[in-house]
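Please read it with the sequence and the structure open alongside.

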Amino acid sequence: MEIAILSDIHDNLKNLDWTPNYLKERNIQHAIFCGDFCSPFVINSLGKSGIEVHAVFGNNDGDRFNIQKNAQNFPNIHLYGEYFGDEKNILVLDSVRFGCTHYHFYAKTMIKTNWYDVVCFGHSHQQHKQKFGNALLIHPAEIAGNSSSPSFAIYDTQYRSSEFIAIGS
């Protein structure tokens, strides 16, 4: 199973709209979002995609009330707050244990617990991939394309591998 890892949309609907089309072509049905939707209307684009999205908030999600309110209209959007994955409530997809937060300093602490196979994070807008024992710490860069080329990551649960995808390629 392939799972998309997205982060930092920052209201860029053009790049966001390209992404679900690409995911559907690859038959990817699940995504993890590492924060910074920014505006509540971004939820509508994610929700209409039909892709199952597990998401956390970032530091630029100023109107969390309306983001949550919009998410309630879409059963495929799951908002977890600041992070997801603690020792009692870890997201498991195809036998792979995922944790997610927006912030690198939390992600680096999470990966050291040995509770996860993959910890995803955002915030810095820079691609990052690092192994910790058998676990992977990954930042998919940004959908927005504000400070780096727009991209996201795909994690393959069967091969326990990942790749970065440039948006628009």
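**Sheet, helices and loops**

Strand β2 and strand β3 (residues 52-55) run parallel and are joined by 4 bridges. The chain crosses from β2 to β3 through helix α2 (residues 41-49), in a β-α-β crossover that is right-handed. The model is a predicted one, and the points below are grouped by topic.

**Pairing around strand β2**

- His30 of β2 has Glu52 as its bridge partner in β3, while Ile3 has His30 as its bridge partner in β2.
- Strand β1 (residues 2-6) also pairs with β2 in the parallel sense, over 4 bridges, and β1, helix α1 (residues 13-25) and β2 together make a right-handed β-α-β unit.
- In strand β2 (residues 30-33), His30 and Ile32 point one way whereas Ala31 and Phe33 point the other way, and all of these residues are buried.

**The sheet as a whole**

- The strands form an open sheet of 6 strands with mixed pairing, in the order β4-β3-β2-β1-β11-β12.
- The edge strands of this sheet are β4 and β12 (161-166), each of which pairs on one side only.
- On average, neighbouring strands of the sheet are turned by 20° against each other when direction is ignored.
- Between β3 and β4 the pairing is in the parallel sense over 3 bridges, and Val53 has Ile77 as its bridge partner in β4.
- Helix α1 packs on the sheet, where it touches β1, β11 (151-156) and β12, and the direction of α1 makes about 25° with that of β11.

**Helices with one buried face**

- In helix α3 (residues 64-71), the residues Ile67, Asn70 and Ala71 are buried.
- Seen down the axis of α3, its buried residues fall within an arc of 100°, and therefore they line one face of the helix.
- These buried residues of α3 pack against α2 and against β4 (77-79).
- In helix α4 (residues 104-111), Ala107, Met110 and Ile111 are buried.
- Viewed down the axis of α4, its buried residues lie within an arc of 95°, so they too line one face of their helix.
- The cover over the buried residues of α4 includes β5 (83-84), β7 (96-101), β8, β9 and β10 (135-140).

**Loop residues with positive phi**

- Most residues other than glycine have a negative phi, which is the background for the two cases that follow.
- Asp11, a residue other than glycine, has a positive phi near 65°, and Asp11 is found in the loop between β1 and α1.
- Is Asp11 buried, partly exposed or exposed? With a relative accessibility of 28%, Asp11 counts as partly exposed, because that class lies between the buried cut-off of under 20% and the exposed cut-off of over 50%.
- His123 likewise is a residue other than glycine with a positive phi, here near 85°, and His123 sits in the loop between β8 (118-120) and β9 (127-132).
- The relative accessible area of His123 is 30%, so His123 is partly exposed.

Key: Residues are numbered from 1 along each chain as its sequence is written. This is a predicted model: local features need pLDDT of at least 70, side-chain atom pairs count only at pLDDT 80 or more; totals for chains, interfaces and linings use all residues. Side-chain values use heavy atoms; hydrogens and water are left out. Buried means under 20% relative accessible area, exposed over 50%, partly exposed in between (1.4 Å probe, protein chains only). Helices (H or I, at least four residues) and strands (E, at least two) are DSSP runs, numbered from the N terminus. Two strands pair if DSSP finds at least two bridges between them. A crossover is right-handed if, with the strands pointing away from the viewer, the path from the first strand over the helix to the second runs clockwise. The arc is that of the directions from the helix axis to the C-beta atoms. Contact means heavy atoms within 4.5 Å. Axes are lines fitted to C-alpha atoms, for helices over the stretch in contact, and angles run from 0 to 180 degrees between N-to-C directions.
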